[in-house]
Amino acid sequence: YTIFMFWNRFFAPSFILLIIISVLHWIASALFLYWTVWWYDVMMHLLGGAWVALFILWIARFDIFKRFWPMVTPLNIILAVFAVGVAWEVFELWMGFTDASTVGYMTDTVKDLIMDVVGASVVITLYKKAITELFKSE
């Protein structure tokens, strides 16, 4: 195996989006944007959902996952992104970043999960043809 085994059409967009998310998060943390700009968290969940979908597509293309290619469908990508979003919300609670007793917690959590799925849907829409062609059962 060489470094080229990691290279496929989903690597570059996934890596670039991860860098963008990391920079935006660093800026947000330094400037308290998550607490002062109402839409910042919305944008970050949209980008996060898109990144998770791209990451799934990237790793799914590795030959070692070839038997799972028939399972790489838009619905399964959405479900996986939703599951990661739920795990993220549990992580935020566990780490004390948020509190379930806070007014608006449930509304915010539902909005976050919706934005995760919207981000994944954007990726699925952009790569729909690639998903159906690349992940056909052989």
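**Entry 1: a charged network**

I looked up Lys111 and found that its side chain meets that of Asp108 in a salt bridge, at 2.9 Å from N to O. I take a salt bridge to be a side-chain nitrogen of Lys or Arg within 4 Å of a carboxyl oxygen of Asp or Glu. The model is predicted, so local features need pLDDT of at least 70 and side-chain atom pairs count only at pLDDT 80 or more, whereas totals for chains, interfaces and linings use all residues. Residues are numbered from 1 along each chain as its sequence is written, and side-chain values use heavy atoms, with hydrogens and water left out.

Lys111 and Asp108 are three residues apart in helix H5, and therefore about one helical turn separates them. I note that helices (H or I, at least four residues) and strands (E, at least two) are DSSP runs, numbered from the N terminus. An α-helix has 3.6 residues a turn, so residues three or four places apart point the same way.

I then followed Lys111 to its other partners. Its side chain also meets that of Asp112 in a salt bridge, at 2.9 Å from N to O. With Asp41, Lys111 forms a salt bridge whose closest N and O atoms are 3.3 Å apart. This pair links distant parts of the chain, for Asp41 is in helix H3 and Lys111 in helix H5, 70 residues apart.

Are these residues buried or exposed? I use buried for under 20% relative accessible area, exposed for over 50%, and partly exposed for what lies in between (1.4 Å probe, protein chains only). Asp112 is buried at 1%, and Asp41 is buried at 16%. Lys111 is partly exposed at 26%, and Asp108 is partly exposed at 32%. Salt bridges with shared partners join Asp41, Asp108, Lys111 and Asp112 into one network. I record four salt bridges in the structure.

**Entry 2: the nonpolar core**

Which residues have the most contacts inside the largest nonpolar core? I found Phe10, Leu57, Ile77 and Phe135, in a core of 30 residues. Such a core is a set of buried Ala, Val, Leu, Ile, Met, Phe, Trp, Tyr and Cys residues joined through side-chain atoms within 4.5 Å. Helices H1 (11-31), H3 (40-60), H4 (74-95) and H5 (105-134) each supply at least two of its residues. H3 gives the largest share, eleven residues.

I next examined Ile77. Leaving aside residues up to four places away in sequence, Ile77 touches Ala53, Ile56, Leu57, Val72, Ile124 and Ile131; contact means heavy atoms within 4.5 Å.

**Entry 3: helix H3**

I found 15 of the 21 residues of H3 buried, so this helix is largely enclosed by the rest of the structure. I also checked its span: at 1.5 Å a residue, its 21 residues should span 30 Å, which agrees with end C-alpha atoms 30 Å apart. The expected span is 1.5 Å times one less than the number of residues.

**Entry 4: the surface**

I looked up Val103, which lies in the loop between H4 and H5, and found this residue exposed at 83% relative accessibility. Val103 and Ile19 are 84 residues apart in sequence and 33 Å apart in space, C-alpha to C-alpha. Leu126 lies in helix H5 and is exposed at 64% relative accessibility.
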